[in-house]
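Some labels in a structure description rest on cut-offs.

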Amino acid sequence: MDRVRFGRALGYGARHAAKTVAKAAAAASAPNPSRAAGEGAAARRPSEVNESAVGTGPTVQERAAQAGRNVRVVSQQARQASGALLQPVKRFSRVVGLQVTGGFFALIALAMATGAWKVRDALHRGVTSHEAIRLYVYIGVGAVFAYFAVSSFVRAERR
């Protein structure tokens, strides 16, 4: 993943997270419309009990239910924000992990190729000699790790 694509993905995630946090803050700071009518009269005369105002406000159960809904909404928006922010980072870290793994596999394949090059004259001694068997092992293990390296880089490029 190049820097431009990573920057775009990270910027999109950051913008989405900021919008979600702003919406959650606006929702949390908005006054409750059902409580606005009953609070005005009670706030002006706290010592007096207004008989007509009793029972018109929300009950304890209604306020608890509203608080539960608010908590669910805020937690859902927080999950969306964290998902929008962390998804590009997760994708980028997977790509980097695949490239690092491919690099290690390539180093092992290179070490096997170097070992095979050092014992290359073993082919002239005979197929069953100890050095020839070492050469075949170096070639086989090197080929397997070269395949792993190439497939790791191909998978990183696809992501």
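What follows is a set of questions and answers on a predicted model.

Q: What makes up the secondary structure of the protein chain?
A: The protein chain has four helices and zero strands. From the N terminus on, the order is α-α-α-α.

Q: How do you know that the span of helix α1 is close to the expected one?
A: Helix α1 covers residues 3–29, which is 27 residues.

Q: Which residues of α1 are called buried, and what do they pack against?
A: Ala9, Gly13, Ala17, Thr20 and Ala24 are buried in α1. The label means under 20% relative accessible area. The buried residues of α1 pack against α3 (60–118). In the protein chain, buried residues make up 16% of the 159 residues.

Q: Why do residues three or four places apart in an α-helix point the same way?
A: An α-helix has 3.6 residues a turn, so residues at that spacing point the same way.

Q: Why is histidine 16 called partly exposed?
A: Its relative accessibility is 30%. Buried means under 20% and exposed means over 50%, so histidine 16 falls in between and counts as partly exposed.

Q: What does histidine 16 touch, not counting residues up to four places away in sequence?
A: Histidine 16, found in helix α1, touches Gln80 and Ala84. The C-alpha atoms of histidine 16 and leucine 85 are separated by 7.7 Å, although the two residues are 69 residues apart along the chain.

Terms used. Residues numbered from 1 in each chain as written. Predicted model: local features only at pLDDT ≥ 70, side-chain atom pairs only at ≥ 80, totals over all residues. Heavy atoms only, no water. Helix = DSSP H or I, 4+ residues; strand = E, 2+ residues; numbered from the N terminus. Buried < 20%, exposed > 50% of the residue type's maximum accessible area, 1.4 Å probe, protein only. Expected span 1.5 Å × (residues − 1). Contact = heavy atoms within 4.5 Å.
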